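Open the structure in your viewer and keep the selection tool ready. The stops below go one at a time.

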Amino acid sequence: MILLKLAAKSIWNRKVSLSLAMISIAISILLLLGVDKIRKETKDNFINTISQTDLIVGARSGSVNLLLYSVFRIGNATHNLSYQSYQEIAAMPRVKWTIPISLGDSHRGFRVMGTNQDYFRYYRYSNQKPLAFKQGQQFTDLYDAVIGYEVAKQLNYQLGQEVIIAHGLVSTAFSLHDDKPFKVVGILQQTGTPVDHTIHVSLQGIEAIHVDWQTGTRSAISISAEKARTMDLQPKTITAFMLGLERKIDTFRLQRQINQYRAEPLMAILPGATLAELWQMIGQFEKVLMLISGFVLVAGLIGLLTTLLTTINERRREMAILRTVGAHGYHIGLLFMLEAIFIVAGGCGLGVVLFYIVQIMLQSWLSASYGLYLTISLLDTQQWMILGAAILFGMLLSLLPAWLAYRYSLQDGLMVKN
Amino acid sequence: MTAIHLHDVHFRWSPQANDILHIPELHIPRGELVFIQGHSGSGKTTLLNLIAGIHRPQQGKVQVLETDLTTLSATKRDQFRAQHLGIIFQQFNLLPYLSLLENVQLSCQFSTKRKAKVGDLLKASLRLLDELQIARSMLHKSVNTLSVGQQQRVAVARALIGQPEIIIADEPTSSLDNDNRQRFLDLLFSEVKQQDSTLIFVSHDAALSTHFSTVIKLNELNLAETISS
């Protein structure tokens with residue numbers, strides 16, 4: 001069709017000003033797609049902080065609270081649960097595995113978590129990935145510690161590093177367990193989850209550093225590290241535990257059973273559901289970001305509109321020429337509309353290309369610095385809808401110059417306006 | 001055979017009460033070379049817009065090649081113009097973003113009938129451009145590199161391609177110097193005669209009228225009180 005050819009040639013003739021308009025649209029498309037990608041990846045990453053765990057059990061409180069302290073190491077448990085209850089539930093027939101968690105101490109701002117070897121065996125994150133060691137191995141000795149990737153990186157710790165655990169979350173000189181130092185025996189690989197920020201020791205280790213403590217302060221009789229080894233270090237309480245079932249179908253039954261546990265008030269939560277609930281609360285920023293990006297696109301399109309409108313008067317002669325060779329007013333309108341659509345579509349195309357280039361460029365950096373692994377995939381339905389909406393909106397805006405051109409061309413006829 | 005016949009034509013811009021054009025009778029036979037003399041504001045452009053079917057008069061008949069344009073829809077009139085008319089302006093006749101050759105062929109892009117009549121479009125364009133003394137080396141160049149005289153000759157080629165029955169030229173020589181003007185007129189006349197088209201040449205310059213068989217003074221033809229702009 002002749003109009004397509006005319007529109008293309010006319011755009012090419014004004015390539016400098018129009019390519020600027022196109023680039024600004026491309027950048028806003030890049031921004032929109034980028035924000036959309038990041039929010040989906042962050043959400044995925046967040047929801048997959050923990051995977052394959054069917055239930056998390058703790059003392060009865062709020063479900064989000066339990067999730068926050070057990071998975072994200074944020075906040076504190078209001079109560080502990082007894083080791084006996086844990087053992088009873090762990091021994092239930094449908095339970096396949098459990099991971100006990102004992103929290104409360106810290107080391108230079110990083111949380112210390114007491115657990116057992118099952119942690120390294122059963123803990124899964126982000127689509128069933130197991131924990132892997134960057135260096136060293138899991139703890140075997142009472143005073144062994146395994147540190148997360150970020151702990152090692154930020155504190156610059158190597159294997160064999162001595163770690164002194166502080167009582168509670170604030171390290172003051174008075175509350176250090178400095179009589180019983182731990183030794184780093186393993187450094188975990190990056191996971192992009194709170195595991196990176198955790199120092200893992202055995203439950204018995206946690207017990208050992210507290211044998212000579214009473215209600216938060218050091219008691220008068222101190223017990224040496226070596227002497228503690230000879231004592232019974234079976235913990236009396238733990239903070240929470242994770243469990244996996246033989247069959248997923250039993251999840252709700254076991255959850256109800258735990259919630260109605262007679263010996264003490266317990267609560268079991270489904271981590272996936274609670275993570276989604278938590279995301280609902282903290283995920284609002286993504287909407288704001290999308291909204292802002294949307295406005296950037298609108299600004300880009302209005303920029304294009306301005307470019308088209310400023311030239312419309314100069315182009316009245318061109319309209320008269322087209323009218324003499326038999327073009328109707330609607331041909332002229334359509335020509336202007338086609339030009340706008342070409343540029344918006346071109347901007348979208350360029351934006352998508354930029355989007356992939358940026359992803360390829362940032363992929364390794366994002367994964368190294370934030371543990372956020374970008375999966376480069378084809379555009380999804382929502383992203384196609386963003387592009388469709390941009391073109392549709394561009395078409396709507398192009399109606400204005402098109403209508404003006406139509407009006408002028410009918411009004412001017414063969415009269416050449418200078 | 002009548003090329004153009006206007007009868008009792010009244011035209012005004014709709015909100016205004018006064019006619020800007022009132023022509024009781026105008027008759028131009030086919031094959032004539034007609035000079036219409038009129039200063040600016042005499043209703044010249046309006047008359048051309050009526051003949052070209054851009055505007056429709058409020059009253060009266062505008063017959064072009066025995067077709068009453070006032071009975072046709074706007075789209076039909078556009079098609080009619082594409083098929084039967086060739087139009088040349090004073091200057092800036094060419095689209096800056098098309099090559100010289102594409103500008104010539106533009107006339108055939110909005111009318112399949114005119115295109116069909118041309119036959120081999122490239123051959124016809126080249127023949128016209130040769131006769132109008134445009135060098136072959138310029139065919140694919142941007143029209144912005146052409147001189148004004150060359151531009152006007154390309155405009156003639158565009159108006160003439162497909163042998164339209166009527167050629168309208170609105171002050172086509174006023175931007176040309178004396179030498180170029182004579183050369184332009186000679187070429188225009190010889191092409192128009194060769195194609196047996198009717199030429200309607202509009203100008204304020206009475207000196208040009210000597211070249212024409214028929215001379216019409218617009219201020220005698222148009223009975224409306226014209227507002228000079």
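Two residues are in contact here if their C-beta atoms, placed from the backbone, lie within 7 Å. This is a predicted model, in which local features need pLDDT of at least 70, side-chain atom pairs count only at pLDDT 80 or more, and totals for chains, interfaces and linings use all residues. Residues are numbered from 1 along each chain as its sequence is written, while chains are lettered from A and ligands numbered from 1 in the order in which they are written.

**Stop 1: a loop in chain A**

Select I164(A). Leaving aside neighbours within four places in sequence, I164(A) is in contact with L176(A), H177(A), D178(A) and P181(A). I164(A) sits in the loop between β9 (162-163) and β10 (182-188) of chain A. Helices (H or I, at least four residues) and strands (E, at least two) are DSSP runs, numbered from the N terminus.

Is I164(A) exposed, partly exposed or buried? A residue is buried if 20 or more other C-beta atoms lie within 10 Å of its own, exposed if 12 or fewer, and partly exposed in between, with C-beta atoms placed from the backbone. I164(A) has 15 such neighbours, so it counts as partly exposed.

**Stop 2: two helices of chain A**

Select residues 15-47 (α2) and 284-312 (α11) of chain A. The axes of these helices come within 9 Å and cross at roughly 170°. Therefore α2(A) is roughly antiparallel to α11(A). Angles under 35 degrees count as roughly parallel, over 145 as roughly antiparallel, 65 to 115 as roughly perpendicular and the rest as oblique. Axes are lines fitted to C-alpha atoms, for helices over the stretch in contact, and angles run from 0 to 180 degrees between N-to-C directions.

Residues making this contact include L18(A), I25(A) and L32(A) of α2(A), and L289(A), L297(A) and L304(A) of α11(A). By class, the contact has 13 nonpolar, eight polar and three charged residues. Ala, Val, Leu, Ile, Met, Phe, Trp, Tyr, Cys and Pro count as nonpolar, Asp, Glu, Lys and Arg as charged, and the others, Gly among them, as polar.

**Stop 3: where the chains touch**

Show both chains. On chain A, 18 residues are in contact with 25 residues of chain B. The elements giving two or more residues to the chain A side are α1 (2-13) and α12 (316-324) of chain A. That side has eight nonpolar, six polar and four charged residues.

**Stop 4: the sheet of chain B**

Chain B has eight helices and nine strands, and 45% of its 229 residues count as buried. Five of the strands form an open sheet in the order β6-β7-β8-β3-β9, with parallel pairing. Two strands pair if DSSP finds at least two bridges between them. β6 (85-88) and β9 (214-217) of chain B are the edge strands, each pairing on one side only. Select β3 (33-37) of chain B, which pairs with β9(B) over four bridges. Here F35(B) stands opposite V215(B).

**Stop 5: two loop residues of chain B**

Most residues other than glycine have a negative phi. Select Q133(B), which has a positive phi of about 60° although it is not a glycine. Q133(B) lies in the loop between α5 (121-131) and α6 (148-160) of chain B. With 11 C-beta neighbours inside 10 Å, Q133(B) counts as exposed.
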